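Here is a colleague's note on the structure shown below, written as numbered points. Please keep the model open while reading, and look up each place as it comes up.

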Amino acid sequence: MTKPHIETIPILPLGMLNSFLIVHGDDAILVDTGLPGSEAKIFKTLKKHGLSWLNVKLTILTHAHIDHAGSAFGIKALTAAPICAHVLEVPYCSGQPPKLAATGPFGRTFQKTGAIERPFPYFKPDEIMTAGEMGLEDRGFPLKIIHTPGHTPGSVSVLLENGRVIAGDLAASGVLLGGILMRSKPKRPPFEEDQLAVATSLELLLQRGCKTFYLGHGGPLSADRIKEHVSALRRVQV
Ligand SMILES: [Zn+2]
Ligand SMILES: [Zn+2]
């Protein structure tokens, strides 16, 4: 059987905000759902692969910020697929305001707009991950979900063959929110709850052989760029 393909879903243009579709034969897994109202953009990507909502077997949330979980409720109704999130992310899925530790001036300005704290249709995940790692091989998908805390306490990454990983907001690249320009240049996302935990999680992914890091904002980044970023995170503590 062919290896699963990772298709980037442009929720915002220029790599500013990405969700991902993992396509494996006639089955697909959606990783992150984008801002509220992203259903049409996700459907366009499904159609590109000759798929429909019912081909989506699972939705995985890397974390529950509005730009990743905002359409989860709507997608659930369309796909009937369960939503999987880590147990430590459940409070954010049900409306607890996120802790926003801005990583720089853009994050601070962005925070003032209130956009990231806007309410969105809340939900209870159907599959709540409590272990450090969860394999989906028994469901026909050669991939693993790994708990990689730091950006938020319940952030997870999705590891696939050939060193590919969807790492959510563990890192970003580009300018401002991410994407746009200089996309091979790593940067911190606008917010990060625990900088050193982010560094440790990225190191874990490097140790697991990750070579290509697909990101929510900007990316993808190579392992070398991630190593540079980890060094920067360990050097500059805020
Ligand atoms: Zn985030
Ligand atoms: Zn994000």
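1. Glu-193 has a relative accessible area of 22% and therefore counts as partly exposed. Please bear in mind throughout that the model is a predicted one.

2. Glu-193 is also a partner in a salt bridge, for its side chain pairs with that of Lys-99, with 4.0 Å between the closest N and O atoms. Lys-99 sits in the loop between α4 (90-93) and α5 (105-113), while Glu-193 sits in the loop between β12 (186-187) and α6 (195-207), so this pair ties together parts that are 94 residues apart in sequence. Lys-99 itself, at 58% relative accessibility, counts as exposed, because the cut-off for that word is over 50%.

3. The structure holds 11 salt bridges, and another of them joins the side chains of Glu-133 and Arg-208, at 2.9 Å from N to O. Here too distant parts of the chain are linked, as Glu-133 belongs to strand β7 (residues 133-135) and Arg-208 to the loop between α6 and β13, 75 residues apart. Glu-133 is partly exposed at 35% relative accessible area, and Arg-208 is partly exposed at 37%.

4. Asp-27 and Lys-57 form a salt bridge as well, their closest N and O atoms being 4.0 Å apart. This pair links strand β3 (residues 27-31), which holds Asp-27, with strand β4 (residues 56-60), which holds Lys-57, and the two residues are 30 apart. Asp-27 is partly exposed at 28% relative accessibility, and Lys-57 is partly exposed at 39%.

5. Turning to the aromatic rings, the structure holds 5 aromatic pairs. Because Phe-20 lies in strand β2 (residues 17-24) and Tyr-214 in strand β13 (residues 212-214), the pair ties together parts that are 194 residues apart in sequence. Both Phe-20 and Tyr-214 are buried. Elsewhere, Phe-106, Phe-110 and Phe-191 make up one aromatic cluster.

6. Which residues are the protein donors of the zinc ion (ligand 1)? They are His-63 (NE2), His-65 (ND1), His-151 (NE2) and Asp-169 (OD), at 2.1 to 2.4 Å from the ion, and their spacing in sequence is H-x1-H-x85-H-x17-D. The angles among the 4 donor atoms run from 91 to 168°, and the site is irregular. His-63 and His-65 are both buried.

7. The zinc ion (ligand 1) lies 3.4 Å from the zinc ion (ligand 2), and Asp-169 coordinates both.

Notes
Residues are numbered from 1 along each chain as its sequence is written. Chains are lettered from A and ligands numbered from 1 in the order in which they are written. This is a predicted model: local features need pLDDT of at least 70, side-chain atom pairs count only at pLDDT 80 or more; totals for chains, interfaces and linings use all residues. Side-chain values use heavy atoms; hydrogens and water are left out. Donors are N, O and S atoms within 2.8 Å of the metal (3.2 Å for Na, K and Ca); water is not among the atoms, so sites may look incomplete. Four donors count as tetrahedral if all angles lie between 85 and 135 degrees; four count as square planar and six as octahedral if opposite donors are over 155 degrees apart and all others between 65 and 115; anything else is irregular. Buried means under 20% relative accessible area, exposed over 50%, partly exposed in between (1.4 Å probe, protein chains only). Rings of Phe, Tyr and Trp (its six-membered ring) pair if their centres lie within 6.5 Å; planes under 30 degrees apart count as stacked, over 60 as edge-to-face and the rest as tilted. Helices (H or I, at least four residues) and strands (E, at least two) are DSSP runs, numbered from the N terminus.
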